[in-house]
Amino acid sequence: MEEPATLLAAVNDRIAAAARLARRKPEEVTLVAVSKTHPAERIAPLIAAGQRAFGENRVQEAQDKWPALREMHPDLALHLVGQLQSNKAEDAVALFDCIHSLDRPSLVTALAKAMDKLDRQVPCFVQVNIGAEEQKGGCAIADLPALLAEIRATAIPLAGLMCVPPATIEAAPFFALLGKLADDNGITGLSMGMSEDFETAITLGATHVRVGSALFGAR
């Protein structure tokens, strides 16, 4: 297994190359290191190597793992990249700096209430079920305008759109579709692309890429 600093440098080099190919600046792309299931001792070397944005799938796991790390490194940003239950909205708002999985009206209500109660505004990406897959979370494309209108009627900061394309199909058309949906709705943020396809996502406008195995190795 390569050293974390070496893996991080390699991923950052790939991000920079993809950005240049798209005539974009590398700093326009935020690398979210997806640290779900990995213990603090696996995360610490990446922090030492300069990585500052990390992604977790579950509120409970993040609550157990991150307070001590953040006490040592107050400049870390924590992103929730997994599905969020409405009854965990307040915990998520208290802990995370960005949420990538806002996908339904009930969660809009729960997050708005939590942000008001805690006086903490956490930017949220709207997750779109870009491949219309029944097993996946995300707002249906047809329902997106109505959901965006609901969010914009609250104080929730809208960070952009997020998607997870179907696993067995070329991702590029789905990334392009998410980009078009963002353009059509006056949105600039795009959370898309993982270890196997983040370079494609960057060439199609990704502002945030969620990379796990390329940094931590296969699970």
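1. Let me start with Pro 166, which sits in the loop between E6 and H7. A word on the labels: helices (H or I, at least four residues) and strands (E, at least two) are DSSP runs, numbered from the N terminus. Pro 166 is buried, at a relative accessible area of 10%. Here buried means under 20% relative accessible area, exposed over 50%, and partly exposed in between (1.4 Å probe, protein chains only). Setting aside residues up to four places away in sequence, Pro 166 touches Gly 131, Glu 133, Lys 136 and Phe 174, where contact means heavy atoms within 4.5 Å. Lys 136 is 30 residues from Pro 166 along the chain, and their C-alpha atoms are separated by 9.4 Å.

2. Before going further, the ground rules. This is a predicted model, in which local features need pLDDT of at least 70 and side-chain atom pairs count only at pLDDT 80 or more, while totals for chains, interfaces and linings use all residues. Residues are numbered from 1 along each chain as its sequence is written, and side-chain values use heavy atoms, with hydrogens and water left out.

3. Next, Ser 35, in the loop between E1 and H2. Is Ser 35 buried or exposed? Ser 35 is buried, with a relative accessible area of 0%. Beyond its neighbours within four places in sequence, Ser 35 is in contact with Ile 43, Phe 54, Gly 55, Glu 56, Glu 61, Lys 65, Trp 66 and Phe 216.

4. Two packed helices are described by the angle between their axes and the distance between the axes. For helix H2 (residues 40-48) and helix H3 (residues 59-72), the axes come within 11 Å and cross at roughly 35 degrees. Axes are lines fitted to C-alpha atoms, for helices over the stretch in contact, and angles run from 0 to 180 degrees between N-to-C directions. On the H2 side, Ala 40, Ile 43 and Ile 47 meet Lys 65, Trp 66 and Leu 69 of H3. The residues of this contact divide into 5 nonpolar, no polar and 1 charged. In that tally Ala, Val, Leu, Ile, Met, Phe, Trp, Tyr, Cys and Pro count as nonpolar, Asp, Glu, Lys and Arg as charged, and the others, Gly among them, as polar.

5. Staying with helix H3, look at Ala 62. Ala 62 counts as buried, at 0% relative accessibility. Its contacts, leaving aside neighbours within four places in sequence, are Glu 56, Pro 67, Leu 78, Leu 95 and Phe 96.

6. His 79 is in strand E3 (residues 77-80). This histidine is buried, with a relative accessible area of 6%. Not counting residues up to four places away in sequence, His 79 touches Val 32, Ala 53, Phe 54, Gly 55, Glu 56, Phe 96, Cys 98, His 100 and His 208.

7. Now H5. Its 14 residues (105-118) should span 20 Å at 1.5 Å a residue, and the end C-alpha atoms are 20 Å apart, which agrees. The expected span is 1.5 Å times one less than the number of residues. Which residues of H5 are buried? They are Leu 107, Val 108, Ala 110, Leu 111, Ala 114 and Met 115. These pack against helix H4 (89-95), strand E4 (98-102), strand E5 (124-127) and helix H6 (144-152).

8. In H6, the buried residues are Leu 144, Leu 147, Leu 148 and Ile 151. They cover an arc of only 100 degrees around the axis, which puts them on the same side of H6; the arc is that of the directions from the helix axis to the C-beta atoms. An α-helix has 3.6 residues a turn, so residues three or four places apart point the same way. The cover over the buried residues of H6 includes E4, H5, E5, strand E6 (158-162) and helix H7 (172-184).

9. Arg 23, in the loop between helix H1 (4-21) and strand E1 (30-34), has a positive phi of about 60 degrees although it is not a glycine. Arg 23 counts as exposed, at 83% relative accessibility. Just after H5, Asp 119 takes a positive phi of about 50 degrees. Asp 119 is exposed too, with a relative accessible area of 69%.
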